[in-house]
Amino acid sequence: MTSRIVHSAEGRVAAAFAMLRASLEGPGPTEREIPQIDRAIREIAEGIRCGAVTRFDVEDFWSRAPERYLFGTCMGHAFRQPHGYAGDFEIIDAIHTSAISDIPYCGRWDRFFHGQKGAAAVRNRKCYLHELLAELEARHPGDAVRILNLGSGPCRDLLEYFEASPESRTYFVCVDQDPRALKHAEGLLDEFPERFELRLGNVLRYRDDRTYDLVWCSGVMDYLVDPLARRLLSRARTWAPRGEVVIGNFSEESASREAMEITARWFLEYRSPQGLIQLAVEAGAAPEQIHIEQEPTGTNLFLRIEGGPR
């Protein structure tokens, strides 16, 4: 019985690869073809689960894609991982700006990429942060608000906030382990030098004796196994003893997981609301301090941990 299931899946996987190969070698997917690509990705994902194909086979397929795809599209960049890791600052900034290539073939693949719920969730994180900052500033009218931004990436979210809120007195300390990300952020934010500082460091080893009104970490915990995630939460809470910690994490219900893993080798630690609450409790937070929110697609969860009395 199992062999028949695998054999049947092998046929469907072969057809899925053939469909994707035709699109890669042709003019790129039209809007009408996008559902076919989605189905092909689902068939390959099912093939991996039942043993009809391996992840190595899938990676080998994409590595043989045309150069115009690998070097001209957002998906190709995500798959190649030129900075050595998934979700690098360049791809996050491309998602933030919904960057579409002017080359028709590449632009069609970019539209497919940005149409995924995962990409929409990353863009929604900007809106969520801006609302969070407005809420925080309303609680501290006239006061300087200090934010520790862990895993700050390209800082496009900060640029848009600075431009939209010229009177804001919020000050950001941005920490990232990639010096190229910090250099990119410095270029983006060069008109607002008095509103931020950039620090090179791994968030699990970063040292800072200051305390903050908010510790914001939009995407780092997506890449941390539970023991490291608890460590991050514990450390973050020490920086906001009377403030708040807000940490993003992709939901285990993410509809984009298969596409991210199969087309981009983009693997995350997906979690449920209950899993995030449990991690926060294990990191020392009391249940009444913990809240879970999400952005509109339901893809990105946000763990909020309140500090003690001010």
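Where does Cys155 lie? Cys155 sits in the loop between β1 and α9 (156–164). This is a predicted model, in which local features need pLDDT of at least 70, side-chain atom pairs count only at pLDDT 80 or more, and totals for chains, interfaces and linings use all residues. Residues are numbered from 1 along each chain as its sequence is written, and side-chain values use heavy atoms, with hydrogens and water left out. Helices (H or I, at least four residues) and strands (E, at least two) are DSSP runs, numbered from the N terminus.

- Most residues other than glycine have a negative phi.
- Cys155 is not a glycine, yet its phi is positive, about 70°.
- Cys155 has a relative accessible area of 1%, so it is buried. Buried means under 20% relative accessible area, exposed over 50%, and partly exposed in between (1.4 Å probe, protein chains only).
- Gln81 is not a glycine either, and has a positive phi of about 50°.
- Gln81 belongs to the loop between α5 (74–80) and α6 (89–96). Its relative accessibility is 16%, so Gln81 counts as buried.

- Strand β1 (residues 146–150) holds Asn149.
- Asn149 counts as buried because its relative accessibility is 2%.
- Leaving aside neighbours within four places in sequence, Asn149 is in contact with Leu158, Val173, Cys174, Val175 and Trp216. Contact means heavy atoms within 4.5 Å.
- Gly187 is in helix α10 (residues 179–188). At 44% relative accessibility, Gly187 counts as partly exposed.
- Gly187 and Cys155 are 32 residues apart along the chain, and their C-alpha atoms are separated by 9.9 Å.

- Helix α2 (residues 34–50) has 17 residues. From first C-alpha to last it reaches 25 Å, close to the 24 Å expected at 1.5 Å a residue. The expected span is 1.5 Å times one less than the number of residues.
- Its buried residues are Ile37, Ala40, Ile41, Ile44, Ala45, Gly47 and Ile48. These cover an arc of only 155° around the axis, so they are on the same side of α2. The arc is that of the directions from the helix axis to the C-beta atoms.
- An α-helix has 3.6 residues a turn, so residues three or four places apart point the same way.
- Gly51 follows α2, and its phi is positive, near 90°.

**Helix α3**

- Val58, Phe61 and Trp62 are buried in helix α3 (residues 55–63). Down the axis of α3, its buried residues fall within an arc of 90°, so they line one face of the helix.

**Helix packing**

- α2 and helix α12 (residues 257–264) pack at an angle of about 80°, with their axes 10 Å apart. Axes are lines fitted to C-alpha atoms, for helices over the stretch in contact, and angles run from 0 to 180 degrees between N-to-C directions.
- α2 and α12 are therefore roughly perpendicular to each other. Angles under 35 degrees count as roughly parallel, over 145 as roughly antiparallel, 65 to 115 as roughly perpendicular and the rest as oblique.
- On the α2 side, Ile41, Arg42, Ile44, Ala45, Ile48 and Arg49 meet Glu258, Ala259, Ile262 and Thr263 in α12.
- Helix α11 (residues 226–239) and helix α13 (residues 273–282) pack at about 60°, with axes 9 Å apart. α11 and α13 are therefore oblique to each other.
- Asp226, Ala229, Arg230 and Leu233 in α11 meet Leu279, Ala280 and Glu282 in α13.
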